[in-house]
Amino acid sequence: MQGGAGVPVITLENIRKQYGTFVAVDGANLSIGQGEFFAMLGPSGCGKTTTLKMIAGFEQPTEGRILLEGVDVSTVPPYKRNVNTVFQQYALFPHMTVFDNVAFGPRSKKLDSSTIKSRVMEMLEVVRLADFAQRRPAQLSGGQQQRVALARALVNYPSALLLDEPLAALDLKLREAMQLELKRIQREVGITFVFVTHDQGEALTMSDRIAVMNEGHIEMVGTPEEIYDRPSSVFVASFIGSANLLPGVVESVSGASVTVRLSCGAVVDSSGTDFAAGESVTVMIRPERITPGGESIAGRSISGEVTDLVFQGPSVRLIARLADGTEVGAVVGSHTNLTIPRPGDSVSMSWDAKGSYVLKGHPEMAGSTTSNLDHVEANL
């Protein structure tokens, strides 16, 4: 079982959820620690929302156990579980003020009025809405409504807060600002957050750890750095961020050093463990690790022809086609001192000693995961 730091607040033991013949979640084992910001990430239909609903009590597992703070709650109804959920639709009471929306939970528990007022104002201070206590939801922006929903869910201090893509309805800039705001709020209240999303950027920005799911299975659990730099599978590498996935065959192995002959003909040296000569593998190289137009480096370079060059403000995105037709992407700073090749130019692309990583098996689609429309659609 894969666990986080501290005492586990949520534990999943061999969880399986089946609807008729369809298996939505299969063999999920997970431990989420006290005070963690934990993300469940994956494409649509991978089972992440179903898993969240089972933790909340809205769905019951077909097999396995769900423990909250060590107590089996697999058959306990939602209102008896010490967790709260925030959905995409915030479901605020439109006829109530912000104060009354947040006070709904403490009043349901029949706390005295002075305690309710103290708790509500304390939580509104945390979400920076104390000055909006007497407004109604219709008078608030989308981000402010989001924070009211958070305050209402947190005011009774649950063991964990479950969030089902709560930022999906916000526009890009507000969503990015709310990512940082959510992380600040989580650190301030110290409550475990479990966040479901299909947005890799959100998960990498906010999470202490991430579970990457695919077709009902948990593919990998790790920190954002582990998942981005050392993914456990080709699927994880292709789903998280942008990557160049280059198929090849292992020529030799020496400790953690692996020499691979790529399908394009280049021989590269990389890192990885548990490989054997003759094995089919994929070399992953992140676009930002590639330096185009520099000197060729033995074991750490590939060559191709530039097909596209896109200015993106702080960076320039370059696409090159290798000898076997595979497209490779590179991202460099737009104000770099390098002379960036133009479309039609031949280019050598190199990377540093830690810039590549070997994975078992071949990708379904080789090359850049962001320049191939079929690849992008498959991951969505």
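Me: What makes this an open sheet, and in what order do its four strands stand?

Reply: The order is 2-1-4-5, with antiparallel pairing. Strand 2 (22–33) and strand 5 (71–72) are the edges, since each pairs on one side only. Strands here are DSSP runs of E with at least two residues; helices are runs of H or I with at least four, and both are numbered from the N terminus.

Me: What kind of model is this, and which residues count?

Reply: The model is predicted, so local features need pLDDT of at least 70 and side-chain atom pairs 80 or more, while totals for chains, interfaces and linings use all residues. Residues are numbered from 1 along each chain as its sequence is written, and side-chain values use heavy atoms, with hydrogens and water left out.

Me: How do you know that strand 1 and strand 2 pair?

Reply: Two strands pair if DSSP finds at least two bridges between them. Strand 1 and strand 2 are joined by eight bridges and run antiparallel. That meets the cut-off, so they pair.

Me: What about strand 1 and strand 4: how many bridges do they have?

Reply: Strand 1 (residues 8–19) and strand 4 (residues 63–68) share five bridges, in the antiparallel sense. The rule asks for at least two, so they also pair. I10 has L68 as its bridge partner in strand 4. E13 has R65.

Me: Why is L67 called buried?

Reply: Buried means under 20% relative accessible area, exposed means over 50%, and partly exposed is in between (1.4 Å probe, protein chains only). L67 has 10%, so it is buried. L67 lies in strand 4. Leaving aside neighbours within four places in sequence, it is in contact (heavy atoms within 4.5 Å) with V9, I10, T11, E13 and D72. L67 and V9 are 58 residues apart along the chain, yet their C-alpha atoms are separated by 7.8 Å.

Me: How do you know that the span of helix 4 agrees with its 13 residues?

Reply: The expected span is 1.5 Å times one less than the number of residues. For helix 4 (residues 142–154) that gives 18 Å, and the end C-alpha atoms are 18 Å apart, so the two agree.

Me: What makes helix 4 mostly covered?

Reply: Of its 13 residues, 11 are buried. They include G143, Q144, V148 and L154. Among the elements covering them are helix 2 (98–108), helix 3 (113–126) and strand 7 (160–164).

Me: Why do D26 and R16 count as a salt bridge?

Reply: A salt bridge needs a side-chain nitrogen of Lys or Arg within 4 Å of a carboxyl oxygen of Asp or Glu. In D26 and R16, N and O are 2.8 Å apart, so the pair qualifies. D26 lies in strand 2 and R16 in strand 1, so the bridge ties together parts 10 residues apart in sequence. D26 is partly exposed, at 27%.

Me: What makes R261 and E251 another such pair?

Reply: Their closest N and O atoms are 2.7 Å apart, so they too fall within the cut-off. R261 is in strand 12 (residues 257–262) and E251 in strand 11 (residues 244–254). R261 has 39% relative accessibility, so it counts as partly exposed. The whole structure holds 14 salt bridges.

Me: Why is the ring pair of F37 and F195 called tilted?

Reply: Rings of Phe, Tyr and Trp (its six-membered ring) pair if their centres lie within 6.5 Å; planes under 30 degrees apart are stacked, over 60 edge-to-face, and the rest tilted. The structure holds four aromatic pairs. F37 and F195 have centres 6.0 Å apart and planes at 45 degrees, so they pair and are tilted. F37 lies in strand 3 (residues 37–41) and F195 in strand 8, so the pair ties together parts 158 residues apart. F37 has 0% relative accessibility and counts as buried.
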